[in-house]
Amino acid sequence: MATFPEYIAQNEERDGVRFSWNVWPSSRLEATRMVVPVAALFTPLRERTDLPPIQYEPVLCSRATCRAVLNPLCQVDYRAKLWACNFCYQRNQFPPSYAGISEVNQPAELLPQFSTIEYVVQRGPQMPLVFLYVVDTCMEDEDLQALKESLQMSLSLLPPTALVGLITFGRMVQVHELGCEGISKSYVFRGTKDLNAKQLQEMLGLTKPAAAQGRGPQAAPQPLSNRFLQPVQKIDMNLTDLLGELQRDPWPVTQGKRPLRSLGVAMSIAVGLLECTFPNTGARIMTFIGGPATQGPGMVVGDELKTPIRSWHDIEKDNAKFMKKATKHYESLAIRASTNGHIIDIYACALDQTGLLEMKCCSNHTGGYMVMADSFNTSLFKQTFQRVFTKDVQGSFKMAFAATLEVKTSREIKVSGAIGPCVSLSAKGPCVSENEIGTGGTCQWKICGLDPATTLALYFEVVNQHNAPIPQGGRGAIQFVTQYQHSSGQRRIRVTTTARNWADAQTQIQSIAASFDQEAAAILMARLAVYRAETEEGPDVLRWLDRQLPQRRSKLLQLCHLTHYESSYYRHQFNRQDLTQALIMIQPVLYAYSFNGPPEPVLLDSSSILPDRILLMDTFFQILIYHGETVAQWRKAGYQDMAEYENFRHLLQAPVDDAQELLHTRFPMPRYIDTEHGGSQARFLLSKVNPSQTHNNMYAWGQESGAPILTDDVSLQVFMDHLKKLAVSSAA
Amino acid sequence: MNVNQHTPMASPYGQPQPGYSQPGYVPLDGGYPGPYAPYNGPASPYQPGAPPQGISGPARGPPTTGPLPVSAPHQYNQYSHSQGDMQNGPPPMTQAQPRPPVSQPYNPGAMNMSGPHPTYPQHYGPPPTMQQVSNQMSGMQITSGPPTPAGPGYAPPHSSQPPVSTAYSAPPPPSYTQAPPPVSSAPTQPPPPSGPAASQQYYGSPPPPSQQPFNSSLPPTSQQQFTSSSVPPPPSQQTLPPSSYSGPAPPPGQAPAPPVSQPQQSFPPSQPPPTSQPAFTPGPPPTAPGSFTPQAPPPSSQSGSFPPPGPPPTSAPSCQYPGPLPPQQQPPPSQPFPYHSGPPPPRAQMPPTSMAQSNHLPPGPQGPPGPPGPLQQPPSQPGMQTGYPPQQNGAFGQVRGPQPGYAGPYPGQPNYGAPAPAPAPAPPAQKRLDPDAIPSPIQVIEDDKAKSTEPFTTGVRGQAPPLVTTNFQVKDQGNASPRFVRCTAYNMPCTADMAKQSQVPLAAVVKPLAMLPPDETPPYLVDHGEGGPIRCNRCKAYMCPYMQFIEGGRRFQCGFCSCVTEVPPHYFQHLDHTGKRVDCYDRPELSLGSYEFLATVDYCKNNKLPQPPAFIFLIDVSYNAVKSGMVNIVCQELKTLLDYLPRENPEMDSAVRVGFVTYNKVLHFYNVKSSLAQPQMLVVSDVSDMFVPLLDGFLVNVNESRLVIESLLDQIPEMFADTRETETVFGPVIQAGLEALKAADCAGKLFVFHTSLPIAEAPGKLKNREDKKLIGTDKEKSLFQPQVGFYNTLAKECVAQGCCVDLFLFPNQYVDVATLGVVPVSTGGSVYKYTYFQAQLDQERFLNDLRRDVQKLVGFDAVMRVRTSTGIRATDFFGSFFMSNTTDVELAGLDCDKAITVEFKHDDKLSEETGALMQCAVLYTSCSGQRRLRIHNMAVNCCSQLADLYRNCETDTIINFFSKYAFRGVLNNPTKAVRDTLVNQCAQILACYRKNCASPSSAGQLILPECMKLLPVYLNCVLKSDVLLPGADVSLDDRAYLRQLISCMDVTETHVFFYPRLLPLMKLESGSLPVAVRDSEERLSKGGVYLLETGLHLFLWVGASVQQELLLNIFGTPSFGQIDSSMTSLPVLDNPFSQRLREIIDSFRAQRSRYMKLMVVKQEDRAELIFRHFLVEDKSASGGASYVDFLCHMHKEIRQLLS
């Protein structure tokens, strides 16, 4: 028997699942006493290079309310060619194609190592991928140029059959018709007026083609395309030219005004266009914005520069007059998009806020990316964007589309909800708990866009009554069925079935406590906190968390130092990244480089900041290299350029190399910061470190041992002490 | 004032005159100073000098004043004038003299018409059927007869009959005048006038058909009288007339019918008269003067004179047509004569002026015409004669070949002396009344041409210009050229009472940006510097010749409001001894009637100098538009046309920027920025709330973006070649253009090429509401009103932006022009309509219209204000524009073809000394983006005698006013009510004349003022127009189209529109046009070929038995049957005849603002129906009265008013 950490790692490796508890309390009562609920972090598309998809479709339980997929946990009667569903205990006949089944000739889905297995659906048309660029033209020429180049570059990364479309916006919104010879055409819409899909369809003249498309029922309408969405291979040149001719929004912007940016309508049109042309087909709306929406539905700030964009302060005071309307607008868009399986990515590059707070749901609900940078002309954006199109070894994009995740549970346990880049499909079923956590009330969620790292937090409720003990050795099972559109255009179904032992908290509390996955629990609780923070008042959440809590308050909850759009961004990432990355977000890692030895991880504590060290901090969003005071002086003096101080050069170089490595694997690209003692950017570091030394206690610790931090936050030391107490008491 | 005077003065005062006439100002001043000194005095009033007199006299142009003052001794004045100068002399003369004498003389001139009727009526009484008459008198009958149609107008039946009787009685006597001409024609005529049938029915009951004839014939013109007189005795015209009168008195109404009958009767006898006709011709008295002349002949015996009158009748206008005149005249004549005598001399001296005055003169002559007149007149008349002859000729000529006639007649005139023959004429008249006996437009036109040989100088106040049909040169000497401003009356009544009594509309037709012929200088541009134009402090009138400098030139007194304003230092100038500024002739604003000021920033919108305007082409690309070939044609044409955008400096590129839009249910904007490799199309499908999708690259300089534009124009037809979209929008199209101009912050013009009723869902969506059942009902007016209010609002916005809209329509069915035209009409734009457009047949017309429309001089964002001197003010305006208050005429665009008719009303008394001044100032942005003010000044005389008013009217302008007034009236009133109003007002005008200015005569006489003798015929044309009396085949769109079109026509255009020009083409000479013939089928010879033009249509009518040679010359085929009547241009044949004919056609087209498509009409072809519609003297298929009938009706109306 492996240790729990090994077991956890193995499960995570094989199934992409990490439970907060790996042994479940067997009754509702006990479970509720645990504080940390039974929950799981599930990464549906965790990369499994060893998992070749099988070319047939799953066998389902014949009970209409169950429809669970045949899995290794099922009992099989090889002679009778029967199998019993391990969720509803229904006995099912194998389909004819399984006639040859026997103990020695088992299908893959019955093999234990295939607790996670992927099927390829053979039916239905192979849908093309759709990429719709929505491009802001209200930006500096430099930025626009950089963006145009990135977009042109991206065309070469798309599969030739992928459909692309282009919508540009500024004061007006233009839907470009592609592949026109001799004249370029576009449909222009006012930036102040929202249109529903039907209106849009009429105005774009898409009504008739659609009707005319009835070329035989389901007769593989393959090259589905229209004037606005065409295969890359066909309009590659045309679109490249089109992008090349893209001009900065020509409408004059008078002094003291912001450019009129019709972002809300542009997104609405993008959503509408796909809605009426490719419903339920994987599609990405990639939105590139250079500033906040300043007119029309979705505007977050007026065009008067003298009126600044709402601050967190305004929001708290309910003084942000556009926010509610804008949020509502984007939410409705998110719902429309997610309903149709479309992803909305937001690439916001501006020095000021762009209204991500209002728009966050667009990405959050659709599984889209949200990338934030200062400018399109930065490597942060350029590389991040390029990384979107990363391919796996098979040459397929590391992205999947229009997925639905269905959760099936044993009778003793029900699913309360999910937190992650998903929306509810409102599928009621026997395994749906009445107690909602996160997005609940359903056993199916739509995840329009997901990549191998996309991780959902799923919360469960043990419903078994105390007076109905589960037989010794009983196991609770959970099956995750993820149907999605693979970037190759195939429909695939990935099924993960996992089970955990039940334990009576009265008698087996030790084993339950031992099965606690602290990391997973931290993330799960953090997500829950974030979720609450978004739906409830901030301070309350902090208090709730403090009460609950095996978990450090992180940046994600501390809004006071952040602009809320940044927080939206952070929360967005937090809600989708896998455990490791999420942990980094919660607890940045800090490495120290010095002449005293090899790089070593050090406490994220102010006491780690020493003059002769170089620190490398990874907060997920930022990679920061901090040169201590002395080192900085050396560097300034140019020692690194002197042959005799080559070691110093090496010392300087070491963290840079490490940072590069991180930069290369991280998505989105973190902000790379190189700073030094007293540098303005050092604040990023100082804001992260544990305030072991503050103005409250600095005199006790002495000046030379570290850099004091001016904060009222409690130090980690204190917090950890507190946490330990809590954790123990909760487990007790 | 002085200033004004100055200019005028110069000429006016003897000296000036000389100067004016030819030399110009300079001479005047210099040379004459001494002699005229006194006069100058007036002018000088300003100056210390002649203060007393100066004021009164000087003020007005010496000329006028001169005359006026004379008032007491008009004659003298006249003399002086005559002596002084031809120029001034004439005008003043006419006025002064004319009045007193005229009034009397005129009286005599009265028409016999009425006379005859009475008598007949009695005789035949109602019984007589009009049948016969109808034919001839069709007019009369029609009125009455037309029971139904005419009915309303005439109300004939009842009244007519009674009156008729009386009239008829009289008629007999008058017979001569009319008779003569009628006689000959009469017989023939009767038949032609289909009228007979109807009329007959009318009278049908009436016993003897013969009688009927009389009636009919009689009524029409004095002829009846003749007819009655026709009796051999006719010669004793005068006697007859009298009798006629007596007769007439009783029943005016019926008169017509009876008269006709008589005519016929008379005919027999009349036949002999025919010969007499010729006599008449000689009698030439035709014109008022003519009448006299005729009289002259009779001198010996009144009757004798009258006979001539017979002819006069035709000439009737001024004179009395029928014999009646004579009688009356005789008494007054005496006076007239003196005058005449006076006049004559002047004439001699002042030939030119006299010509101009001719109009005026006529009156004078008329006076003389009076019985006595004839005698004496002969000598004096010479001048007049010329005038007369034409008429007679016309009359006669018409009977036969118009032209031939002319030739003859004219010659005859000379004979005039012979007039004596008058008697002879009489007989003819007796035979029957006939169209030749009634005033002939052709005659009047030709007379005027003959008179107008010298340039028309504008320096003389109150001088009526030559007719619009006459070619003449204008010299601006202080008043605006008639090409810019024409007035209905050049001598306005002093008081509102007089004006009301006369009912003569006081109006001016202003064409502010009119193009001038190459030999006339366009208005000078004056720059008064940073302070802007110098203006009166109080009324804000602009510096003009009517400003009188005082106090040594330090201040000036406004001629309009009398307010005294300081002269800004930079504008100061010393005065000479006459009170004129020394630099008077160096400054256009002090010496000319028309000029321009450079406006300063204060005159600009938002106090910002304007941007150059833009032209936006909006092309319908729906199925119909593509299929008809329109889209292709427009695109092809634009490629070259864009090089001809209007510009002020031919050396430079046009500053006008262009933009392109195509549309069907959605709009496509094009980005044609020069930096683009290919054009960009921006589709706006959200038409519910129109906006412009782009800014940069939409409006571009043609040269810079030439390649992109050409690429675009090449692609448009291709892109939509396969379109299946049939629905269109319209409101959003204009909105789009408007928004584009707004975005570019400039004024401009939209050229919209549209095909169909906009039924697609969008603002301004329309439904088909054409309902012929409404025609003739009280709801008919609603058809002329826009069906939705949307376009009114839109028009307002367009005007605010200076967005002028020109609409080219290519409808295949009802498109609701009444509604679609709202914006063009309110923005100073034009509507062009090409129904059933076929590329092959209509391309030429369309392209020529388009070319002209794009190239023509145009101003934008214009505001016109008319200022007047105290006593009158501009109260109403007609044309294509928008008014948001009661004084400012706002024109988003104003081009050189647009005229605005302004009506004036009294709000106080005017004085004869100062006359009435008006200043029309148009502030506009030129096509290069320069802000300017164009000023037109006009001074007219004022009179306290109605006769003066009648002697200085311009019928063509009055008709212009009436037509616009009526065509606007149909918006709010039943068309029948509008017609009745017109008839009533016309009758009142003429009755007033008859009552106050004509010498007493029998009520049976129709006496028309010389200047208005064509009023009935022209008015009838207005009444019969498609707008007021639509035929069954006239669509609602056509009517709305015409209605809108007429509203901005100038006098030249309305004239030819209502009375088309009909040229016989049997003989063509280079250098001169054949003399036109009257618009009646009778005038067409089966063996002839005729060209008819209306300004909108051009027909070539080919008689069925035309000579082969002619056919060969014209068509290159010897066979009538082989003529392809679908041709739109004549084959180019290498023979002089063909060349000349095509030259003529080209010259006609060049004269009109719209290209006329040639239609070849073969006699008795189906298309002839269309052609006949334009023979306006005939009964129309839609029920319009013939000229003769209408005249009778008018006569009846007048008599009713008089009784």
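## Where the chains meet

Two residues are in contact when heavy atoms of theirs lie within 4.5 Å of each other. By that rule, the contact between the two chains of this predicted model draws 21 residues from chain A and 27 residues from chain B.

The size of an interface is often given as the accessible area lost when the parts come together. Here the buried area (the accessible area, found with a 1.4 Å probe, that two parts lose on being put together, summed over both) is about 2,000 Å² between chain A and chain B, and carbon and sulfur atoms give 54% of that.

## How to read the model

Residues are numbered from 1 along each chain as its sequence is written, while chains are lettered from A and ligands numbered from 1 in the order in which they are written. Because the model is predicted, local features need pLDDT of at least 70 and side-chain atom pairs count only at pLDDT 80 or more, whereas totals for chains, interfaces and linings use all residues; side-chain values use heavy atoms, with hydrogens and water left out.

## Links across the interface

A salt bridge is a side-chain nitrogen of Lys or Arg within 4 Å of a carboxyl oxygen of Asp or Glu. There are 2 salt bridges across the interface of chain A and chain B. One of them pairs R190(A) with D689(B), whose closest N and O atoms are 3.3 Å apart.

On the side of chain A that touches chain B, strands β10 (172–177) and β11 (184–190) of chain A each supply at least two residues; strands here are DSSP runs (E, at least two residues), and helices are runs of H or I with at least four, numbered from the N terminus. The largest share, 7 residues, comes from β11(A).

## A buried glutamate

Now for a spot in chain A: E30(A) sits in helix α2 (residues 28–33). Is E30(A) buried or exposed? E30(A) is buried, at 3% relative accessibility, where buried means under 20% relative accessible area, exposed over 50% and partly exposed in between (1.4 Å probe, protein chains only).

Leaving out residues up to four places away in sequence, E30(A) touches P25(A), H466(A), A503(A), D504(A), A505(A) and Q506(A).

C536(B) is buried, at 1% relative accessibility.
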